[in-house]
Amino acid sequence: MEIPDVTWVIVAGALVLFMTPGLALFYGGLSQTKSAVNMMMMSFAAMGLVALIWALWGSAIAGAEPIAGGLFGNPAADFALFESFAAGDDTLVWVGFGATFAIITTALISGAIADRAKFSAWMIFVPVWLTLVYAPLAFWVWGDGGLLTADGAVGSVVGEAVDFAGGLVVHMCAGLSALALVLVIGPRSNFAPTKPHNVPFVLLGASILWFGWFGFNIGEAGDGVEASLNWINTMLAPAAALVAWLLTEWARGKKPTPVGAASGIVAGLVAITPAVAHVNPLGAIILGVVSGVICCYAVDFKYGKYDDTLDVVGLHFVAGLWGTVAIGLFGYEDIFGEGRSGIFVGGGFDLLISQLVACAVTLVFAFVATYIIGMVIHKTIGFRVDVEVEEGGIDEIAHHTSAYVNESVAAK
């Protein structure tokens, strides 16, 4: 069974693009009423800015012929997609598909700095970060000759990194970048556990994310067999994580919460993303269960340490790290070929070492580069709003609107 390439990639790309409005609902529901619009606008701003930058030079940095010793692709190779347009084939749809990944990755970061970031600073951060962090890392993992590929400076020594749909490039990158930004701009003035202002939005957003994730994980499937595996794994891992999260809440003496259910779904989706084509269904369930348990604990780790408002670090970094490393534990040789398999399915440590090195490289690069970018913006135009704006609510000041015409309606 073959997949009609162009038709399916068009559908998959639309599904992934739809994930970002889903993320906006997820984040907006988790936010305070007075800053919900601002939180959602940060996702929509990412949709516009990233799409444009990706077309102008971001796609080339992530996928053109390598320069600077394989650090990134030539940004001038396909400026404004002139070469892709002239090719007269399906290149443009693949460029668009890549753009949807870049959009959702960038938007993920915004949840960590909710309630206190200047919208103007975010509008500057997005294109700079995409150019200097996301696109180069995408080239390292997925580009021809990138550092972590089989022919790259690192991959040729320790083995090629395996990341089917973005454990390194999307989730670890976003989570680490989020951590860097929260350390730059500091905690909220009322840094304490807060309740989401709209739980139905949270559940709706998580549902849209799960729906769109089937395009995320299956868009580049090589054939119908791989697509079938990816589909069932994308269903099983978040289902297992959802159940594991709720059981963990019970075990910790808490009530099972809708936000926990939604967060469990996201944790499982993140964990299976890099491994979706490389583990069997049982492996997907194991990945989901572990991610649900560890992320349930990880989201509470921040208190007294760093103010990751909507748990980007606790969900995306932690689950992304686990899912990427787990390939070295449960990845099957008959899926990989070339004699590479995880240590729990008859393999040695080679694959696990490759994954650990790739995680270390991603950790250092994404955190340090984002910290520098964030600090430059913070020390020049400032990255956070004044205390009065933060306490009064960003929506009216930054966007001259509010989530609800009658605030008392939201409060009831």
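Modeller: The axes of helix α2 (residues 36-63) and helix α5 (residues 119-142) come within 9 Å and cross at roughly 40°. Helices are DSSP runs of H or I, at least four residues, numbered from the N terminus. Axes are lines fitted to C-alpha atoms over the stretch in contact, with angles from 0 to 180 degrees between N-to-C directions. This is a predicted model, in which local features need pLDDT of at least 70, side-chain atom pairs count only at pLDDT 80 or more, and totals for chains, interfaces and linings use all residues. Residues are numbered from 1 along each chain as its sequence is written, and side-chain values use heavy atoms, without hydrogens and water.

Colleague: How are α2 and α5 oriented to each other?

Modeller: Angles under 35 degrees count as roughly parallel, over 145 as roughly antiparallel, 65 to 115 as roughly perpendicular and the rest as oblique. α2 and α5 are therefore oblique. The residues of their contact divide into 21 nonpolar, four polar and no charged. Here Ala, Val, Leu, Ile, Met, Phe, Trp, Tyr, Cys and Pro are nonpolar, Asp, Glu, Lys and Arg charged, and the others, Gly among them, polar.

Colleague: How many aromatic pairs does a search of the whole structure find?

Modeller: A pair of aromatic rings is described by the distance of the centres and the angle of the planes. Rings of Phe, Tyr and Trp (its six-membered ring) pair if their centres lie within 6.5 Å; planes under 30 degrees apart count as stacked, over 60 as edge-to-face and the rest as tilted. The search finds 17 pairs. The ring centres of Phe-101 and Phe-216 are 4.3 Å apart with planes at 10°, so this pair is stacked. Phe-101 lies in helix α4 (residues 91-110) and Phe-216 in helix α8 (residues 199-218), 115 residues apart.

Methods:
Helices (H or I, at least four residues) and strands (E, at least two) are DSSP runs, numbered from the N terminus.
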